[in-house]
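Please keep the structure in view while reading, and follow each element as it is named.

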Amino acid sequence: MRVAVIGSGVVGAACALALIEGGAEVVVIDRVGVAGETSSRCEGNLLVSDKAPGAEADLAVASNAMWRVLAERLDADRPSSQPATEFEAKGGIVVAFGEGEAALERFAAAQRATGIRAEAMDVAALAAAEPFLSPEVVHAVHYPDDAQIQPSTATQALLDTAVRGGARLVIGEVTGPLGRAGRLTGVATTAGPIEADVVVNCAGPWAGEVARRLGARLDIRPRRGVILVTTPMPQRVFHKVYDSDYVGAVGSGDAALQTSTVVESTPGGTVLIGSSRERVGFDDRPGVAPAAAIAAKAVRLFPFLEQTLLLRSYFGFRPYAPDHLPVIGADPDVAGLVHATGHEGAGIGLAPATAELVAHAVLGAPTALDPTPFLPGRASLQETA
């Protein structure tokens, strides 16, 4: 079977690898190159801690386990010239100031009931785990399964492995469909026509526009996020640490600017500080407001950051679905079109499980995951399209 995968971000790269290993002939199409957009403009979170019980949490738990095996394999098999994935099973600590303690514990209790490991920390345990944390923090929950990866190099490793397995990368922009109305037989691109039995739309924030060009309806919108990066320093943050406001921001549909604190160290000694969310289309002028709000909240969490120099800031667009669930599966109206998008800020973490569902949809490959909640034809998504 010939499959064209649109997009070489982490989801597209993971899908390409799963499809190649399932026996398909794969062409990956991207207008700018591997990890050229969203997957190189994020933190590389592999989180279960921010997922409320339900379909996405189930997907996150499965994908988190997959990443542990996959990252080890990618690092072991990589050519000497290819950077490591920098997978770190560092765990996460979600904290609350006085006013948020009860809500955080209720959320953690609901997660425990579904099997997510969420361990309450007393003051002594928290001080031992994060000695530079503000003494204002009065409550915390430890999530030992949270992890981190370098998103750009991990994406490159996924696609490189797929290419070594037989996949082909084409640099070009998809301009329209091949085939008759309602049935794709490939795509027209600026690099020429590419014939395919199935087309997989992994175009991230641009997936809605790609769907439109191919004759389908898909309500995926960009949501802009800003991240700050400090200069390298001796390690003073030992887990992925974020405040409980992050969970609310993840699940919010508000278009206005929202910020929450996420702080973590990298193997290179820098500290990543996030995060912001706002729906402003593809406006690439974030200004200083998101950065200022993020920095102020981060200093409250880790006071030493007030005396730290910033090296740079960057932003990216995340693929937002109105019902906050990824869109994975066959298009209800256009035969031969499959979507894998709408993960917003969770695309890195959910990529392996998404790829398994795509291989199931395209090739009939086995999966223990339930694809039903993520199908593009679900009522909650169609109502907004």
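In this predicted model, Val241 has Val263 of strand β15 as its bridge partner. The strands involved are β14 (residues 240-243) and β15 (residues 258-265), which pair in the antiparallel sense over two bridges.

**The sheet**

- Strands β14 and β15 belong to an open sheet of eight strands, whose order is β5-β6-β4-β14-β15-β16-β13-β17 and whose pairing is mixed.
- The edges of the sheet are formed by β5 (119-121) and β17 (310-320), each of which pairs on one side only.
- On average, and with direction ignored, neighbouring strands of this sheet are turned by 25° against each other.

**Helices on the sheet**

- Helix α3 (residues 101-112) packs on the sheet, where it touches β4 (92-96), β5 and β6 (139-143), and its direction makes about 25° with that of β6.
- Helix α8 (residues 289-301) lies across β4, β13 (221-230), β14, β15 and β16 (271-277), and runs at about 55° to β15.

**Two helices that cross**

- Two packed helices are described by the angle between their axes and the distance between the axes.
- For helix α2 (residues 55-77) and helix α5 (residues 151-164), the axes come within 10 Å and cross at roughly 70°, which means that α2 is roughly perpendicular to α5.
- The crossing of α2 and α5 is left-handed.
- From α2, the residues Trp67, Leu70, Arg73, Leu74 and Asp77 meet Ala154, Ala157, Leu158, Thr161 and Arg164 of α5.
- Sorted by class, this contact of α2 with α5 holds six nonpolar, one polar and three charged residues.

Note on methods
Residues are numbered from 1 along each chain as its sequence is written. This is a predicted model: local features need pLDDT of at least 70, side-chain atom pairs count only at pLDDT 80 or more; totals for chains, interfaces and linings use all residues. Side-chain values use heavy atoms; hydrogens and water are left out. Axes are lines fitted to C-alpha atoms, for helices over the stretch in contact, and angles run from 0 to 180 degrees between N-to-C directions. Helices (H or I, at least four residues) and strands (E, at least two) are DSSP runs, numbered from the N terminus. Angles under 35 degrees count as roughly parallel, over 145 as roughly antiparallel, 65 to 115 as roughly perpendicular and the rest as oblique. A crossing is left-handed if the near helix is turned anticlockwise from the far one by less than a right angle, and right-handed if clockwise. Contact means heavy atoms within 4.5 Å. Ala, Val, Leu, Ile, Met, Phe, Trp, Tyr, Cys and Pro count as nonpolar, Asp, Glu, Lys and Arg as charged, and the others, Gly among them, as polar. Two strands pair if DSSP finds at least two bridges between them.
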